[in-house]
Amino acid sequence: MLDQSLFLRALNKKTNSVPPIWYMRQAGRYLPEYRAVRSKFKNFLDMCKNPDVCCELALQPIDRFNLDASILFSDILTIPDAFNLGVEFKEGEGPVFNNPIRNIEAIANLPSFDPQELSYVYKCVSNIRGALPTSLPLIGFCGSPWTLAAYSIEGGSSKDFAFTRNFISENPKETQHLLGVYTDACFEYLKEQVLAGIDAIQIFDSWAGLLGKEDYKVFSLNYINDLVQQLKEDDVTKDTPVIIFARQPKGGIEQLSACKPECISLYWDESIEDSIHILKGNTAIQGNLNPLILKEENSIIYNELKIMLDKFKDYPGYIFNLGHGITPDINPDKIKFVTDTVREL
Ligand code: 1CP
């Protein structure tokens, strides 16, 4: 049944007459049914630790829009939380780390990673898998080692991660040790997600753009590459397709494609023509409508979609998505309109 899925076919570089559709942050604050559940929890991460609630949240966009793939409801910061960094989401703020990694002693004293600390995530995966139709694939995910390290060193989010950038240039060896530890943790975590029932993996390198081209290789790409290698060499994970999303990597997607993922998810500012030229049908492409367009009138959205889908017309292995997550201010009707229009066009 699952091998007939448009999404998994596209990841296998098969052409579909209609592209599979899913959205980054398809479950989230733009949905009133999400906000109703969210209001019962003070700390977002407490909600992530409740597998029944997470299952309900993952199904909300599927029930509403009949999408072609579901994504685990969780967050990339579960791993730093399992390393006892004390991750908290304060009302109206981003994530805050109560025990960030502000010095090299904190790296030396990192506890060892026990994947069972995150058993609530695997329970959530098996709940969602059990609730979904068998024909609908479920995506699992993790943050890239670099993106997780950036939040952990900074102690939360930031516009420019100035402390982190200074820290890594002063302490490159220790940072690389941390990145290695996070890489192994990501592998163990994804393996448990596969055992619990996910059908594809997405790695989010949301803070790729903080690094110059050479530093990107040293602090991010090497570890994504190592993670993908570990996945490809393990009997449990080797057949699970991998998607890499990187936001504004300075070396472009050419650098990313060297990691040999099955698919690259394009940030919205990435040129489709250039990407097709670089990837040449050897790697599936996901993306990349600018999420801001969802604020425009339907006629404008329609024209944008027409132009975009025309560029991907003959590409083997295309998955429709946005170039970044849906923001809280989007009207859910726009997601319905985009979904219907993509299928119609
Ligand atoms: O208060 C709330 O309701 C929290 C909003 C929220 C949601 C809905 C956060 C906090 N995380 C999530 C869920 C989430 N996060 C999912 C599953 C839902 C889905 O996609 O349908 C996924 C895949 C993520 C991944 C994630 N978390 C990323 C990578 C994607 C990206 O946006 O670049 C990142 C960077 C995070 C960190 C994070 N979690 C939440 C916020 C607000 C942030 C960003 C913080 C910042 O601004 O740096």
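Predicted model: local features only at pLDDT ≥ 70, side-chain atom pairs only at ≥ 80, totals over all residues.
Residues are numbered from 1 along each chain as its sequence is written, and side-chain values use heavy atoms, with hydrogens and water left out.

Q: In which order do the 7 strands of the open sheet lie?
A: Strands here are DSSP runs of E with at least two residues, helices are runs of H or I with at least four, and both are numbered from the N terminus. Two strands pair if DSSP finds at least two bridges between them. The pairing in this open sheet is parallel, and the order of its 7 strands is β1-β4-β5-β6-β7-β8-β9.

Q: Which are the edge strands of that sheet?
A: An edge strand of this sheet pairs on one side only.

Q: Which residue of β6 is the bridge partner of Asp205?
A: Strand β4 (residues 138–143) runs parallel to β5 and is joined to it by 5 bridges, with Gly143 standing opposite Phe204 in β5. Strand β6 (residues 242–246) also pairs with β5 in the parallel sense, over 5 bridges. In β6, the bridge partner of Asp205 is Ala246.

Q: Which residue of β8 stands opposite Ser265?
A: Strand β7 (residues 263–265) pairs with β8 in the parallel sense over 3 bridges, and in β8 the partner of Cys263 is Ala284. Strand β8 is mostly covered, with 6 of its 6 residues buried. The residue of β8 opposite Ser265 is Gln286.

Q: Which residues does Thr283 touch, leaving aside those up to four places away in sequence?
A: Thr283 lies in the loop between α13 (272–279) and β8 (284–289), and its relative accessible area of 7% makes it buried. Contact means heavy atoms within 4.5 Å. By that rule Thr283 touches Lys13, Pro261, Glu262, Cys263, Ile264 and Tyr315.

Q: With which residue does Glu262 meet in a salt bridge?
A: A salt bridge is a side-chain nitrogen of Lys or Arg within 4 Å of a carboxyl oxygen of Asp or Glu. The N to O distance for the pair containing Glu262 is 3.1 Å, and its partner is Lys232. The pair links distant parts of the chain, 30 residues apart, with Glu262 in the loop between α12 (252–257) and β7 and, in helix α11, Lys232.

Q: Why are Lys217 and Glu214 separated by about one helical turn?
A: The side chains of Lys217 and Glu214 meet in a salt bridge at 3.4 Å, N to O. Lys217 is partly exposed, with a relative accessible area of 35%. Lys217 and Glu214 are about one helical turn apart because their separation in helix α11 (residues 213–233) is 3 residues.

Q: Are helices α8 and α9 roughly parallel or roughly perpendicular to each other?
A: Axes are lines fitted to C-alpha atoms, for helices over the stretch in contact, and angles between N-to-C directions run from 0 to 180 degrees. Angles under 35 degrees count as roughly parallel, over 145 as roughly antiparallel, 65 to 115 as roughly perpendicular and the rest as oblique. Helix α8 (residues 145–154) and helix α9 (residues 162–170) pack at about 105 degrees, with their axes 8 Å apart. The two helices are therefore roughly perpendicular.

Q: What separation do the C-alpha atoms of Gly155 and Pro100 have?
A: Gly155 is in the loop between α8 and α9 and, at 17% relative accessibility, counts as buried. Gly155 touches Pro95, Val96, Phe97, Pro100 and Arg102, not counting residues up to four places away in sequence. Although Gly155 and Pro100 are 55 residues apart along the chain, their C-alpha atoms are separated by 4.7 Å.

Notes: Buried < 20%, exposed > 50% of the residue type's maximum accessible area, 1.4 Å probe, protein only.
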